[in-house]
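Me: I would like to go through the terms used for this model and see what each one rests on. Please set each value against its cut-off.

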Amino acid sequence: MSQKDPCQKQACEIQKCLQANNYMESKCEAVLREMRKCCARYPEGRSVCCSGFEKEEREKRKAASEGIPPAPQ
């Protein structure tokens with residue numbers, strides 16, 4: 001039996017926020033921050049919900065190691 005995804009609650013909150021705000025990410029920064037915090041608490045691959053955030057972090061680290069400045073938020 002598989003365990004519940006530890007960041008599923010935050011992922012659902014993001015979806016609710018986006019739907020309520022006509023998919024404007026800028027209106028959901030607080031819930032996105034909470035999702036990133038949750039994803040940071042677990043080893044990579046532990047949460048399926050975090051896969052996109054983990055990819056984003058890997059790309060940031062790669063760019064930083066290559067001396068590319070981060071994209072504006």
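Reply: A definition comes first: a helix axis here is a line fitted to C-alpha atoms over the stretch in contact, and the angle between two axes runs from 0 to 180 degrees between N-to-C directions. The model is predicted. In it, helix α1 (residues 8-20) and helix α2 (residues 29-41) pack at an angle of about 165 degrees, with their axes 9 Å apart.

Me: Why is α1 called roughly antiparallel to α2?

Reply: Angles over 145 degrees count as roughly antiparallel. The angle between α1 and α2 is about 165 degrees, so α1 is roughly antiparallel to α2. The crossing of α1 with α2 is left-handed.

Me: Which residues of α1 and α2 meet?

Reply: From α1 come Q10, A11, E13, I14 and C17, and from α2 come V31, L32, E34, M35 and C38. By class, the residues of this contact are 7 nonpolar, 1 polar and 2 charged.

Me: What makes Q10 buried or exposed?

Reply: Buried means under 20% relative accessible area. Q10 has 17%, so Q10 is buried. Q10 is in helix α1 and, apart from residues up to four places away in sequence, touches E34, M35 and C38.

Me: What makes a set of residues a nonpolar core, and which residues are in the largest one?

Reply: The residues must be buried, of the nonpolar kinds listed for a core, and joined through side-chain atoms within 4.5 Å. The largest nonpolar core has 12 residues: C7, A11, I14, C17, L18, C28, L32, M35, C38, C39, C50 and F53. Two or more residues of this core come from each of α1 and α2.

Me: Which residues is M35 in contact with, leaving aside its neighbours within four places in sequence?

Reply: M35 is in contact with C7, Q10, A11, I14, C49, C50 and F53. The cut-off for contact is heavy atoms within 4.5 Å.

Me: What makes the phi of N22 and of Y23 worth a remark?

Reply: Most residues other than glycine have a negative phi. N22 is not a glycine, and its phi is positive, about 55 degrees. Y23 is not a glycine either, and its phi is positive at about 60 degrees. N22 is in the loop between α1 and α2, and Y23 is placed in the loop between α1 and α2 as well.

Me: How do you know whether N22 and Y23 are buried or exposed?

Reply: Exposed means over 50% relative accessible area. N22 has 64%, so N22 is exposed. Y23 has 52%, so Y23 counts as exposed.

Me: Where is P43 found, and why is P43 called buried or exposed?

Reply: P43 is in the loop between α2 and α3 (51-65). The relative accessible area of P43 is 56%, and therefore P43 is exposed, the cut-off being over 50%. Between P43 and E54 there are 9.8 Å in space, C-alpha to C-alpha, and the two are 11 residues apart in sequence.

Me: What makes up the secondary structure of the chain?

Reply: The chain has 3 helices and 0 strands, which read along the sequence as α-α-α.

Me: How many of the residues count as buried, and what share of the contacts with a separation of 6 or more joins residues 24 or more positions apart?

Reply: Of 73 residues, 23% count as buried. Residues 24 or more positions apart account for 45% of the contacts with a separation of 6 or more.

Methods:
Residues are numbered from 1 along each chain as its sequence is written. This is a predicted model: local features need pLDDT of at least 70, side-chain atom pairs count only at pLDDT 80 or more; totals for chains, interfaces and linings use all residues. Side-chain values use heavy atoms; hydrogens and water are left out. Helices (H or I, at least four residues) and strands (E, at least two) are DSSP runs, numbered from the N terminus. Angles under 35 degrees count as roughly parallel, over 145 as roughly antiparallel, 65 to 115 as roughly perpendicular and the rest as oblique. A crossing is left-handed if the near helix is turned anticlockwise from the far one by less than a right angle, and right-handed if clockwise. Ala, Val, Leu, Ile, Met, Phe, Trp, Tyr, Cys and Pro count as nonpolar, Asp, Glu, Lys and Arg as charged, and the others, Gly among them, as polar. Buried means under 20% relative accessible area, exposed over 50%, partly exposed in between (1.4 Å probe, protein chains only).
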